[in-house]
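Here's a quick tour for anyone opening this one up for the first time. Have a look at the picture, then read on.

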Amino acid sequence: MALPTLDSLDVEGKRVLVRSDLNVPLDEGTVADDFRIRASLPTIEVLRQRGARVIVASHLGRPKGVDPAFSMAPVSERLGELGGFPVVQAHAVYGAEVEALIADAPEGAVVVLENTRFEPGESKNDPEVASGLAALADVFVNDAFGTAHRAHASNVGVAERIPSAAGRLLEGEIKAFGRLLGDPERPYVVILGGAKVSDKLDVIKHLLPTVDLMLVGGGMCFTLLKAGGYRVGDSLVEESMIDVVRQILDAPGGEKIVLPDDLVVADRFAADAVHEVVPGTGIPDGMMGLDIGPETIRRFGAVIEEAESVFWNGPMGVFEWEAFRNGTAGIAEAVASSGGYTVVGGGDSVAALRLLERDDEVSFVSSGGGAGLEILEGTNLPGIAALERWS
Ligand code: ADP
Ligand code: MG
């Protein structure tokens with residue numbers, strides 16, 4: 001993928017609109033985790049150093065129209081603190097007032113637009129929103145990998161209107177996934193977990209032919225276990241997926257899917273539930289699987305440590321509760337100590353990796369969940385495709 005990057009851009013004295021992913025968790029109006037804000041800084045820094053007038057756009061949460069509870073103001077404040085530059089907060093996403101604010105902003109300041117989702121047309125890639133955003137800048141830089149699988153006005157519409165390039169974060173993501181997509185070093189092992197098999201069905205189908213082994217845990221493994229004929233008790237199961245999952249398991253390649261040998265089951269869905277370890281082949285009635293068991297951790301771990309390429313998406317259990325965190329912690333440890341090339345993606349997977357303080361020990365921590373899965377499915381992501389016309 002030959003994409004235009006910051007290296008091919010002339011930005012001196014120009015207004016550069018950067019679409020970052022600053023969709024951070026808020027807690028009573030303050031930023032609860034600034035990981036994404038930090039990740040946006042390298043691109044902003046390069047542009048500022050080259051004399052660009054930087055304007056930053058992002059969505060935040062899922063507001064329905066204008067809603068002060070979802071204002072970008074607390075995010076801008078933190079951006080300025082972390083970046084060490086003055087920040088000016090706009091009170092709209094685009095329009096004459098925002099244009100004037102940008103024109104009047106002091107040199108070296110970064111202007112942050114209001115939450116792009118305050119515009120109902122944003123998610124529909126409405127031409128009016130796209131044109132309004134394009135009017136704010138001379139050049140567009142997309143640095144938001146997490147939304148690259150969506151065709152919105154602030155990542156696709158605007159890129160169709162003014163010269164555009166990929167920012168550093170997006171460039172890094174494309175390189176990292178490129179290494180898994182092309183001709184990954186083998187053994188290539190994919191670990192999938194998380195809540196729902198329906199979210200990950202396409203990635204299972206598309207990856208099975210290319211991987212050597214696919215290790216499956218998390219909530220999604222129970223639909224696979226049930227499709228394989230095992231008793232799953234009260235575990236999370238998506239009944240509507242059973243037929244298609246059974247077809248995948250029975251087709252050539254299905255033998256590459258490895259399901260848990262043992263599971264931690266609980267008597268209810270609660271942090272303090274009574275729990276025990278049982279074989280993966282039979283969960284007692286009235287019990288539900290909330291984590292993979294110690295034998296599975298050992299077996300999955302041994303495979304991961306021997307792998308040359310690893311992609312992990314989805315926690316192995318309800319890691320938010322300490323009693324059901326061992327599986328995710330064990331896999332995090334194995335991925336961290338694998339000598340291979342390791343990529344971890346997914347909002348909750350990355351949160352778990354950071355909670356377990358293993359994020360510095362993997363080759364690449366992806367900033368996108370759905371976008372990473374779609375790239376691995378072989379989809380040309382709209383947010384990336386829109387940049388290609390400028391190469
Ligand atoms: P990611 O954000 O990394 O893509 P998902 O959103 O697919 O991951 O899934 C994460 C969620 O799955 C977590 O909140 C976790 O508690 C839940 N989960 C994992 N294992 C189970 C399980 N056995 N039963 C119910 N929920 C589970
Ligand atoms: Mg999630």
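Leu 17 stands opposite Ile 55 in S4, and that pair is a handy way into a sheet where S1 and strand S4 (residues 53-57) run parallel, joined by five bridges. Keep in mind that this is a predicted model, where local features need pLDDT of at least 70, side-chain atom pairs count only at pLDDT 80 or more, and totals for chains, interfaces and linings use all residues. Residues are numbered from 1 along each chain as its sequence is written, chains are lettered from A and ligands numbered from 1 in the order in which they are written, and side-chain values use heavy atoms, leaving out hydrogens and water.

A few terms first: helices (H or I, at least four residues) and strands (E, at least two) are DSSP runs, numbered from the N terminus. Two strands pair if DSSP finds at least two bridges between them.

**The sheet with S1 and S4**

- This open sheet has six strands in the order S5-S6-S4-S1-S7-S8, and the pairing is parallel.
- Strand S5 (87-89) and strand S8 (164-166) stand at the edges with a single partner strand each, so one side of each has no neighbour in the sheet.
- From one strand to the next, the twist averages 25°; axes are lines fitted to C-alpha atoms (for helices over the stretch in contact), and angles run from 0 to 180 degrees between N-to-C directions.
- Helix H3 (residues 96-104) lies across S1, S4, S5 and S6, running at about 140° to S4; contact here means heavy atoms within 4.5 Å.

**The other sheet**

- Six strands also form an open sheet with parallel pairing in the order S11-S10-S9-S15-S16-S17.
- Its edges are strand S11 (257-258) and strand S17 (364-365), each with a single partner strand, so one side of each is left without a neighbour in the sheet.
- Two bridges pair strand S10 (residues 213-216) with S11 in the parallel sense, and Met 214 stands opposite Ile 257 in S11.
- Helix H7 (residues 197-207) packs on this sheet, touching strand S9 (188-192), S10, S11 and strand S15 (309-313), and its direction makes about 165° with that of S9.

**Around helix H4**

- Helix H4 (residues 127-134) has buried residues (under 20% relative accessible area, with exposed over 50% and partly exposed in between, using a 1.4 Å probe and protein chains only), including Val 129 and Leu 133.
- The buried residues of H4 pack against strand S1 (15-19) and helix H5 (153-157).

**Ligand 1**

- Of the 20 residues around ligand 1, Lys 200, Gly 289, Glu 320, Asp 348 and Ser 349 come nearest; a residue counts as near if one of its heavy atoms lies within 4 Å.
- H12 gives the most to the shell around ligand 1, with three residues.
- Strand S14 (288-292) and helix H12 (347-355) each supply at least two residues of that shell.

- A cis peptide bond joins Arg 186 and Pro 187, with omega about 5°.
- Pro 187 is found in the loop between helix H6 (168-181) and S9.
- Glu 28 has phi near 45°, a positive value in a residue other than glycine.
- Glu 28 lies in the loop between strand S2 (26-27) and strand S3 (30-31), and is exposed, with a relative accessible area of 79%.
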